[in-house]
Amino acid sequence: STKLNMMETIIDIPAQNVITQDNAMVHVDGVVFYQIVNAAQAAYQIRNLETGIENLAITNIRNVIGSMVLDEALSKRDVINAQLLQVIDDAAHPWGVKVLRVEIKDIAPPQDLVDAMARQMKAERDKRATILEAQAYRQAEILQAEGEKQAVILEAEARKQAAFRDAEARERFAQAEAK
């Protein structure tokens with residue numbers, strides 16, 4: 001007779017290479033949490049339950065991540081986990097098993113891709129810095145030009161006032177002389 005453990009069990013899914021829809025190779029591993037809910041089915045419907053669950057997980061990780069582009073695979077881990085849980089739980093049901101959780105532990109893109117992404121982010125930051133510097137320079141030039149314009153206007157106003165006062169003084173002088 002076979003002894004079965006009815007407690008929640010964890011299976012490590014070994015790391016494997018998976019190709020995304022946009023042909024990027026990623027290194028993926030995970031864990032599956034399951035529990036036997038029907039001992040008779042678990043004993044008689046499948047020869048090696050853990051191997052069966054592991055193979056289901058591996059196959060479906062390839063399917064789910066293979067249907068995504070790299071950016072999705074890296075950013076939507078919760079979506080991947082939910083899809084895997086649904087599919088693996090459905091497939092394991094006839095074996096008297098309830099799959100409780102599936103967690104992708106790590107999705108690692110190849111190093112050259114990581115390096116390229118880092119270079120892209122740096123280029124983006126450099127571009128933003130250059131734009132901000134150019135905008136600041138332009139603003140400074142505008143303010144300086146405005147200041148110079150204002151100075152010329154004030155100087156012209158002062159000359160006009162001075163000329164007006166000079167003319168007024170000459171007029172008074174002429175009136176005084178006439179008297």
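Contact here means heavy atoms within 4.5 Å. The views below show a predicted model.

View 1. Leaving aside residues up to four places away in sequence, H27 touches A15, Q16, N17, D106, I107 and A108. With N17 there is a polar contact between the two side chains, at 2.8 Å. H27 has a relative accessible area of 39% and is therefore partly exposed, since that class lies between the buried limit of 20% and the exposed limit of 50%. P94 is 67 residues from H27 along the chain, and the C-alpha atoms of the two are 30 Å apart.

**View 2. Helix 2, residues 49-66, and its N-terminal cap.** A side-chain oxygen of N48 lies 3.4 Å from the backbone nitrogen of E50, capping the N-terminal end of helix 2. The end C-alpha atoms of helix 2 are 25 Å apart, which agrees with the 26 Å that its 18 residues should span at 1.5 Å a residue.

**View 3. Buried residues of helix 2 and their cover.** L49, G52, I53, L56, A57, I58, N60, I61, V64 and I65 are the buried residues of helix 2. Their cover includes strand 1 (9-19), strand 2 (25-36) and strand 3 (97-108), together with helix 1 (39-44), helix 3 (70-75) and helix 4 (77-92).

**View 4. The buried side of helix 4.** Residues I80, N81, L84, I88, D89 and A92 of helix 4 are buried. They lie on the same side of helix 4, because the arc they cover around the axis is only 145 degrees. Helix 2, helix 3 and strand 3 are what these buried residues pack against.

How values were computed:
Residues are numbered from 1 along each chain as its sequence is written. This is a predicted model: local features need pLDDT of at least 70, side-chain atom pairs count only at pLDDT 80 or more; totals for chains, interfaces and linings use all residues. Side-chain values use heavy atoms; hydrogens and water are left out. Helices (H or I, at least four residues) and strands (E, at least two) are DSSP runs, numbered from the N terminus. The expected span of a helix is 1.5 Å times one less than its number of residues. Buried means under 20% relative accessible area, exposed over 50%, partly exposed in between (1.4 Å probe, protein chains only). A polar contact is a pair of N or O atoms within 3.5 Å; within protein, one must be able to donate a hydrogen and the other to accept it, and residues adjacent in sequence count only if both atoms are side-chain atoms. The arc is that of the directions from the helix axis to the C-beta atoms.
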